[in-house]
Amino acid sequence: MRRTLIALTFCATSLFAQPKLRPPAVPLVAHDPYFSIWSMADRLTGESTRHWTGAEQQLAGLLRIDGTPFRFMGALPRETSAMKQTGLALTPTSTRYTFEAGGVRLVFTFLTPALIADLDVMSRPLTYLVAEVAATDRKPHQVSLYIDASAYLAANTPDQRMALSRFRVGAIDALRAGTVDQLALVRSGDNLRIDWGYVYLAVPPQP
């Protein structure tokens with residue numbers, strides 16, 4: 001059993017690391033069938049991110065370079081130019097995109113520490129979003145990052161009433177969204193999204 005697991009992990013790493021890979025859907029935040037966000041387009045900016053069932057559950061990302069905004073995640077706002085996607089690499093625990101625009105390279109990683117050797121870590125429904133920015137033209141640039149998560153990441157259907165809040169946990173700023181009516185596990189079937197509990201977007205202190 002141990003050898004089988006190692007072999008499967010090695011095969012997955014080797015397969016997904018190929019530079020010309022275009023999987024049918026790219027995992028971004030994948031924890032369980034209810035909380036599972038994917039990109040189903042050729043590029044991360046091609047369309048809105050979606051639940052695995054196809055329902056829109058939007059994540060959006062903008063990078064402002066020297067005062068000019070560029071999209072690197074999501075299809076909106078359409079009037080904002082998209083960064084050029086130059087790379088995609090997948091491993092069993094991460095998805096890494098590479099973009100370029102305005103003399104800047106952005107490496108944006110979705111990291112989910114689903115480590116089978118540590119069940120406490122594996123059971124946490126937590127995904128890290130890691131942004132690395134560097135100049136490609138050897139010039140200084142003013143850069144700022146914007147991340148947006150739709151409240152409907154915590155809804156089954158768009159007609160549900162949502163409760164939103166903002167607060168601090170120690171030095172961390174956090175946004176929270178969830179349905180007003182918290183009804184856990186009252187439905188069954190495949191075409192369902194999580195609508196109990198809350199989705200958090202948390203950011204550590206930044207300069």
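Me: Where is Ser 94 found?
Reply: Ser 94 sits in strand 7, residues 94-101. Strands (E, at least two residues) and helices (H or I, at least four) are DSSP runs, numbered from the N terminus. This is a predicted model: local features need pLDDT of at least 70, side-chain atom pairs count only at pLDDT 80 or more, and totals for chains, interfaces and linings use all residues. Residues are numbered from 1 along each chain as its sequence is written, and side-chain values use heavy atoms, with hydrogens and water left out.

Me: Ser 94, buried or exposed?
Reply: Ser 94 counts as buried because its relative accessibility is 14%. Buried means under 20% relative accessible area, exposed means over 50%, and partly exposed is in between (1.4 Å probe, protein chains only).

Me: What does Ser 94 touch, not counting residues up to four places away in sequence?
Reply: Ala 89, Thr 109, Phe 110 and Leu 111. Contact here means heavy atoms within 4.5 Å.

Me: And which side chain joins Ser 94 in a polar contact?
Reply: That of Thr 91, at 2.8 Å. A polar contact is a pair of N or O atoms within 3.5 Å; within protein, one must be able to donate a hydrogen and the other to accept it, and residues adjacent in sequence count only if both atoms are side-chain atoms.

Me: What separates the C-alpha atoms of Ser 94 and Leu 129?
Reply: 9.9 Å, with the two residues 35 apart along the chain. Leu 129 turns up again in the largest pocket, where it is one of the residues closest to the centre.

Me: OK, pocket then. What volume does the largest pocket have?
Reply: About 1,500 Å³. There are 43 lining residues, and the closest to the centre are Leu 129, Tyr 200, Leu 201, Ala 202 and Val 203. On a 1 Å grid over the protein atoms alone, a pocket is an open set of points with protein on both sides within 12 Å along at least five of seven lines, while a cavity is a set where a 1.4 Å probe fits but cannot get out; lining residues have an atom within 4 Å of a point. Points are joined across faces, edges and corners, and a volume is the space filled by probe spheres set on them.

Me: Which strands each supply at least two residues of that lining?
Reply: Strand 9 (128-135), strand 10 (143-149), strand 11 (162-169), strand 12 (172-179) and strand 13 (199-203). By class, the lining of the largest pocket has 32 nonpolar, six polar and five charged residues. Ala, Val, Leu, Ile, Met, Phe, Trp, Tyr, Cys and Pro count as nonpolar, Asp, Glu, Lys and Arg as charged, and the others, Gly among them, as polar.

Me: Switching to strand 4. Why is strand 4 largely enclosed by the rest of the structure?
Reply: Strand 4 (residues 59-65) is largely enclosed because six of its seven residues are buried.

Me: How many bridges join strand 4 to strand 10?
Reply: Seven, and the two strands run antiparallel. Leu 59 has Ala 149 as its bridge partner in strand 10. Two strands pair if DSSP finds at least two bridges between them.

Me: How do strand 4 and strand 5 pair?
Reply: In the antiparallel sense, over five bridges. Ile 65 stands opposite Thr 68 in strand 5. Their hairpin has two residues between the strands, and Asp 66 takes a positive phi near 50 degrees there.

Me: Where is the place of Thr 80?
Reply: Thr 80 is in the loop between strand 5 (68-73) and strand 6 (84-90). It counts as buried because its relative accessibility is 10%. Leaving aside neighbours within four places in sequence, Thr 80 contacts Leu 62, Pro 69, Phe 70 and Arg 71.

Me: Last one. How many helices and strands does the protein have?
Reply: Two helices and 13 strands. Of the 207 residues, 32% are buried.
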